Amino acid sequence: MSRHLSPQWACLFFLTLAIAPASAQDVAGYREFSLGSSVASVVELSGSRAAEVRTLHERPSLLQELLWRPRYTAGRALPDVDPVREAIFSFSGDRLYRITVYYDRTRTAGLTHDDLVLALSDIYGPPAATTRSERRDRFEPSEAATLIAFWERGDTMVSLYWSDARAGYGLRVISQQGESEARLAMAEAVATDEREAPAREAARVKKDADDLKAADERARETNKGAF
């Protein structure tokens, strides 16, 4: 490699270094983060705070996520060349089942799809065929996106895509079983919320009425003493 790298190729070089798993056989994760890890371990590794973990649903399974911006994390060694703008860690039942990475557009400017696929192929091997539409429909991010390449090994799937909404590259590393279970849990949680919504609204209305009545009663007792 040339001693003097352009900004684009420097980004590609550090992307390859940063994404590399501990061994060539260990692809069930991203950087030091491994699928199946607990919330607490990911919080510690990322340098985040427990308070930053957001709870999406508590039933039927605890669904949580953590937004991580590495360049704003204390102790980052390469804040100026790290191509990652932000990553989202998704948990189901205290287990990390999905890592979604969004790359900084300024760090990937000038790079082609083939450049990134080649860099990732050094780690994950040759990509699988992208004609398996059922895989795209099931695991493609919810935002408008174009799948560029994916790698599959056992339960782990790694997908490189172009996000139209963010106008940039993204990478997803998922446990396929964990993703399926989380999708089912999310659907059930949404259905439960919708089913219980009328009862919650009725309880809210009653509480508001009770609070208003109690406030009026307090005002009545106060004002009676003034006469």
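## Strand pairing

Two strands count as paired if DSSP finds at least two bridges between them. The model described here is predicted. In it, strand 8 and strand 9 form a hairpin with four residues between them, and Ala167 in that turn has a positive phi of about 50°. The two strands run antiparallel and are joined by eight bridges. One of the residues involved is Ser159, whose bridge partner in strand 9 is Arg172.

Strand 8 also pairs with strand 7, again in the antiparallel sense and over eight bridges. Here Leu147 has Tyr161 of strand 8 as its bridge partner. The hairpin of strand 7 and strand 8 has two residues between the strands, and Gly154 takes a positive phi near 60° in this hairpin. Seven of the eight residues of strand 8 are buried, so the strand is largely enclosed by the rest of the structure.

## Aromatic pairs

How many aromatic pairs does a search of the whole structure find? The search gives five. A pair of aromatic rings is described by the distance of the centres and the angle of the planes. For Tyr124 and Trp151 these values are 5.8 Å centre to centre and 50° between the planes, and the pair is tilted. Tyr124 belongs to helix 4 (residues 113-124) and Trp151 to strand 7 (residues 145-153), so this pair ties together parts that are 27 residues apart in sequence. Both residues are buried because their relative accessibility is under 20%: the value is 6% for Tyr124 and 3% for Trp151.

The rings of Trp162 and Tyr169 have their centres 5.0 Å apart. Their planes lie at 85°, so this pair is edge-to-face. Tyr169 is buried at 5% relative accessibility, whereas Trp162 is partly exposed at 28%. Elsewhere, ring pairs link Phe33, Trp68 and Phe89 into a cluster.

## Nonpolar core

The largest nonpolar core has 31 residues. Those touching the most other members are Tyr30, Phe89, Ile99, Val101, Trp151, Leu160 and Leu171. At least two core residues come from each of several elements, including helix 2 (39-46), strand 4 (63-68), strand 5 (84-92) and strand 6 (95-103). Strand 7, strand 8 (156-163) and strand 9 (168-175) are also among these elements. Helix 4 gives the most to this core, with five residues.

## Helix 6

Helix 6 (residues 176-224) has 49 residues. From its first C-alpha to its last it reaches 68 Å, close to the 72 Å expected at 1.5 Å a residue. A kink of about 45° lies at Ala197, shortly before the proline Pro198. The buried residues of helix 6 are Gln176, Gly178, Glu179, Ser180, Ala182, Ala185, Ala189 and Thr192.

Asp193 also lies in helix 6. Is Asp193 buried or partly exposed? Its relative accessibility is 28%, so Asp193 counts as partly exposed. Not counting residues up to four places away in sequence, Asp193 touches His57 and Arg200. Asp193 and His57 are 136 residues apart in sequence, and their C-alpha atoms are 9.5 Å apart in space.

Note on methods: Residues numbered from 1 in each chain as written. Predicted model: local features only at pLDDT ≥ 70, side-chain atom pairs only at ≥ 80, totals over all residues. Heavy atoms only, no water. Expected span 1.5 Å × (residues − 1). Bend = angle between axes of the 7 residues up to and from the residue. Buried < 20%, exposed > 50% of the residue type's maximum accessible area, 1.4 Å probe, protein only. Phe/Tyr/Trp six-rings, centres within 6.5 Å; stacked < 30°, edge-to-face > 60°. Core = buried A, V, L, I, M, F, W, Y, C linked by side-chain atoms within 4.5 Å. Contact = heavy atoms within 4.5 Å.
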